[in-house]
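Please look over the sequence and the structure first, then read the points below by topic.

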Amino acid sequence: MDTKASLTVTATVFVLLSLRAIIRRRRSSTVRDIAGPESKSWVFGACYTFTPTLPRIHLAPTSTGNLAELLLPSSYGQNEFAWTKSFGPVYRVKGCFGQDRLVISDPVALQYITNSPNFQLGPVLAVMRSWLYDRNSVITVRVALGCPIEDLGPEFLSVNTRLLDIASTRSTGQIIFDAIAVHVPKPLLRAMIHLPTSAFRALRTSKFLSRREGWRIIREKLQAPEGNYDADIYSLLMHPDEKNGTKKTLHAEDLVAQTSLILLAGQDTTANTLAFGLLELARRPDLQNKLRDEIHATISGSRDAAYDNMPLLNAFIKETLRMYPAAALSERVALQNSVVPLAEGITTSSGKKIDAIPVDKGQVVMLGIAAYQRHGSRWGANSEDFDPDRWLDGRVRQGEAIGPYANLLSFFAGPHTCLGWRFAIMEMQTVLCELVGNFAFSVPEKEKGPFRLRLATTLLPLDAKGEKGAKLCVRRVV
Ligand code: HEM
């Protein structure tokens with residue numbers, strides 16, 4: 001079958017299956033009764049008339065309605081944060097084909113959903129994972145991640161850069177694809193990886209190279225003398241270690257299947273968080289100088305830096321993670337009928353007061369991680385500003401414990417907490433000390449305006465031309 005024919009067959013199957021699923025679906029009336037932005041079309045939900053309190057945005061001609069407004073504004077958050085202010089920490093948006101989705105940034109609801117077995121990965125992540133894994137296993141053990149990955153060579157780097165480039169774009173077509181893909185049986189979705197498109201070709205090559213690296217590491221571990229194991233993720237998952245809490249071991253094939261995920265999940269998340277951090281520093285020379293002074297005073301020639309004893313460095317990392325969480329809006333789906341508790345009761349469109357939301361099996365909820373991390377009640381009056389001092393002067397309110405680090409949801413929470421979060425913090429501490437200790441960053445004249453954000457697979461900064469990345473001037477200072 002040629003490319004055109006295989007794409008046509010796939011598209012037809014998608015449309016038929018999605019129509020079947022949509023016709024069957026009847027969502028909870030409570031969800032339909034929750035207030036949210038207006039949407040006018042069943043298929044695309046296009047909404048061109050806004051209430052005066054909401055900012056106008058430019059819509060793509062084939063708008064998918066509320067979802068496009070949420071995911072594709074000229075700068076990410078433009079509508080989401082405004083809707084959170086207008087409708088509160090729980091509101092309803094219209095997805096493709098009239099689907100009702102909940103957008104939630106209420107801390108108690110977030111804590112419940114991230115920890116509950118009743119909610120699982122949302123449609124987008126589930127589809128992507130089904131392409132990365134050959135098997136269904138998901139690592140849920142919490143271990144230190146000392147990745148024994150060697151130099152993977154130019155081929156791996158170039159294919160992963162291509163994949164991450166594809167992952168850093170988002171279009172209305174993708175929104176419709178994501179909406180349909182969730183109704184397609186897993187085996188059919190998995191088979192899509194064999195489609196002869198350049199994106200799937202890059203994905204196949206990346207998967208092949210990650211598997212080869214995974215097997216190389218495992219062979220090395222198997223050949224290690226009995227009892228002489230390293231404290232890295234592969235050793236811990238292959239050999240039971242009561243002390244570190246890994247009582248079960250994983251089958252080698254399962255561990256290999258995780259390698260692509262580990263390599264991809266750790267790359268753009270950390271890189272983009274650091275890019276946001278450097279952008280903020282470049283715009284705040286005073287903060288940059290104070291941080292450099294702390295770095296020089298603490299490290300002063302020693303390679304054994306006590307990173308955890310650097311208050312400003314750690315406050316700066318927390319503030320960067322708070323303002324720019326890589327997974328700013330994460331999707332989950334209810335696996336069975338559930339009742340989601342709320343920190344504060346809400347009033348529905350019909351005037352009913354509720355302090356919990358009953359949701360049906362199959363309900364998609366979008367976790368407003370970035371919106372939660374901007375709630376004034378939790379992070380202080382200027383919660384929309386970048387201000388690391390809030391972590392030093394007690395302005396941050398301790399409340400429900402969510403997430404593994406600083407009550408932030410940037411690394412998610414519950415059984416799906418980021419496997420590499422400690423590693424990521426250490427990576428950021430090290431890289432920032434090296435970069436800020438040795439170089440000064442400033443914003444080029446052309447880039448002086450406010451920078452924009454895009455939410456694709458991860459949140460990333462855009463330059464003045466709307467291209468991916470942050471452009472900065474760099475000068476050596478030491
Ligand atoms: C600033 C850096 C990072 C951020 C903000 C981040 C954030 C996240 C988030 C939000 C999730 C949960 C996604 C979801 O289920 O919806 C996640 C999962 C994951 N992350 Fe990270 N991550 C970072 C760095 C890393 C690094 C460096 C690694 C590995 C070296 C890594 C490996 C993983 C893996 C394997 C998972 C899947 C865990 C599971 O489902 O059990 N991450 N990360």
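A residue counts as buried if 20 or more other C-beta atoms lie within 10 Å of its own, as exposed if 12 or fewer do, and as partly exposed in between. By this count V364, M366 and G368, which point one way from β7, are buried, and so are V365 and L367, which point the other way. The model is predicted.

**The chain as a whole**

- The chain holds 18 helices and 11 strands.
- Of its 478 residues, 37% count as buried.
- Taking contacts between residues at least 6 apart in sequence, 72% join residues that are at least 24 apart.

**The five-stranded sheet**

- An open sheet of 5 strands runs in the order β1-β2-β7-β4-β3, and its pairing is mixed.
- β1 (90-94) and β3 (119-121) stand at the edges; each has a single partner strand, so one side of each has no neighbour in the sheet.
- On average, neighbouring strands of this sheet are turned by 35° against each other, direction ignored.
- Helix α5 (residues 107-115) packs on the sheet and touches β1, β2, β3, β4 (329-334) and β7.
- The direction of α5 makes about 120° with that of β7.
- α5 is mostly covered, with 7 of its 9 residues buried.
- The buried residues of α5 are P107, A109, L110, Q111, Y112, I113 and T114.

- β7 is mostly covered, as 5 of its 5 residues are buried.
- In a regular strand the side chains alternate between the two faces of the sheet.
- In β7, V364, M366 and G368 point to one side, while V365 and L367 point to the other.
- Strand β2 (residues 100-104) pairs with strand β7 (residues 364-368) in the parallel sense, over 3 bridges.
- Across this pairing, L102 stands opposite V365 in β7, and V103 has M366 as its bridge partner in β7.
- β4 and β7 run antiparallel and are joined by 5 bridges.
- M366 of β7 is also the bridge partner of E331.

**Helices α10 and α12**

- Two packed helices are described by the angle between their axes and the distance between the axes.
- Helix α10 (residues 198-223) packs against helix α12 (residues 252-265) at an angle of about 125°, and the axes are 8 Å apart.
- Angles of 65 to 115 degrees count as roughly perpendicular and those over 145 as roughly antiparallel, and α10 and α12 are therefore oblique to each other.
- The crossing of α10 and α12 is right-handed.
- On the α10 side, the contact is made by S206, K207, S210, R211, E213, G214, W215 and I218.
- On the α12 side, A252, L255, V256, T259, S260 and L263 make the contact.
- The residues of this contact divide into 6 nonpolar, 5 polar and 3 charged.

**The loop between α17 and α18**

- A406 lies in the loop between α17 (376-379) and α18 (421-438).
- Phi of A406 is near 55°, a positive value in a residue other than glycine.
- A406 is partly exposed, because 18 other C-beta atoms lie within 10 Å.
- F412 is found in the loop between α17 and α18.
- For F412, phi is near 65°, which is positive in a residue other than glycine.
- F412 counts as buried because it has 22 C-beta neighbours inside 10 Å.

**Residue S442**

- S442 is found in strand β8, which covers residues 439-442.
- S442 counts as partly exposed because it has 15 C-beta neighbours inside 10 Å.
- Apart from neighbours within four places in sequence, S442 is in contact with A282, L472 and C473.
- S442 and S300 are 142 residues apart along the chain, and their C-alpha atoms are separated by 24 Å.

Notes. Residues numbered from 1 in each chain as written. Predicted model: local features only at pLDDT ≥ 70, side-chain atom pairs only at ≥ 80, totals over all residues. Helix = DSSP H or I, 4+ residues; strand = E, 2+ residues; numbered from the N terminus. Contact = placed C-beta atoms within 7 Å. Pairing = 2+ DSSP bridges. Axes fitted to C-alpha atoms, helices over the stretch in contact; angles between N-to-C directions. Parallel < 35°, antiparallel > 145°, perpendicular 65-115°, else oblique. Left-handed = near helix turned anticlockwise from the far one by under 90°. Nonpolar A, V, L, I, M, F, W, Y, C, P; charged D, E, K, R; others polar.
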